[in-house]
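The structure is shown first.

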Amino acid sequence: MTKLYEKSEIAFAISWIILYVVGTSITDSVVDTKLVTMLFHILLSAVVMVWIKNNRLLDKYGLCKPKERASKYFYYIPLIFICSTNLWFGVKLNMSVNETIFYVCSMVCVGFLEEIIFRGFLFKAMYKDDLKAAIIVSSVTFGVGHIVNLINGSGAELIPNLCQVCYAMAFGFMTVILFYKSGSLIPCIITHSVVNSLSAFVNESVRTFEINIIISVVLCVTSILYILILNKNLKKSEK
């Protein structure tokens, strides 16, 4: 793994994207339980974390505190707002208790893995050569990657899934800008993990097609506004 990283950081990032996406799709479809997927995500997270720590890359990949006080980041209010969206229309236990635990644990790992892979590995591999391209590629690939939900048995329909893709791109742009400006990926990881985990408790019975569209638009607008705030309030991180 280290040899590939030293040879080409872009190839290293792409390899991790493929491993994560293919592995998640396979484990999701192997058996009718979230246990296998959870174990896969925990293993992958552990491998990534150990490798980053052993190679002293914690600061490079943002596993450190933001460089400035919370007021500079608008007290992360937009992130808190985004985290709340899955609870807007009530709470419902959609799976058994065991499956819910497996799912939540898996989603916490997914938040870590996707931020490290897309905002960490991929963005950092590209940004010194072409910052704009790094931001766009990191965000768009993350968003487009959600199309896999159409084919992995998640039950997602076309229009809702396309809405998720659009929001995922906006979320990707927001988190990569936050990482670039602050030098820390931790707020991004926490937000991503909380949003993913709370999706286990969405009350889908009242989430109509129209409501899902409105929520997607609100989330996109919130992400864009936060990007503007970050660009105005912060200089880029030197980390």
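This is a predicted model: local features need pLDDT of at least 70, side-chain atom pairs count only at pLDDT 80 or more; totals for chains, interfaces and linings use all residues.

Residues are numbered from 1 along each chain as its sequence is written, and side-chain values use heavy atoms, without hydrogens and water.

**H5 and H8**
- Helix H5 (residues 97-126) packs against helix H8 (residues 186-198) at about 145°, with the axes 8 Å apart; helices are DSSP runs of H or I with at least four residues, numbered from the N terminus, and axes are lines fitted to C-alpha atoms over the stretch in contact, with angles from 0 to 180 degrees between N-to-C directions.
- Contact (heavy atoms within 4.5 Å) involves H5 residues including Tyr103, Met107 and Arg119, and H8 residues including Cys188, His192 and Ser197.
- The contact residues of H5 with H8 comprise eight nonpolar, five polar and three charged.

**H5 and H6**
- The axes of H5 and helix H6 (residues 131-144) come within 8 Å and cross at roughly 155°, so the two are roughly antiparallel (over 145 degrees).
- Among the contact residues are Phe118, Leu122 and Met126 of H5 and Leu131, Ile135 and Phe142 of H6.
- This contact of H5 with H6 has 10 nonpolar, two polar and two charged residues.

**H9**
- The 25 residues of helix H9 (residues 209-233) should span 36 Å at 1.5 Å a residue, which agrees with its end C-alpha atoms being 36 Å apart.
- Buried residues (under 20% relative accessible area, 1.4 Å probe, protein chains only) of H9 include Ile211, Leu219, Tyr226 and Leu230.

Conventions
Ala, Val, Leu, Ile, Met, Phe, Trp, Tyr, Cys and Pro count as nonpolar, Asp, Glu, Lys and Arg as charged, and the others, Gly among them, as polar. Angles under 35 degrees count as roughly parallel, over 145 as roughly antiparallel, 65 to 115 as roughly perpendicular and the rest as oblique. The expected span of a helix is 1.5 Å times one less than its number of residues. Buried means under 20% relative accessible area, exposed over 50%, partly exposed in between (1.4 Å probe, protein chains only).
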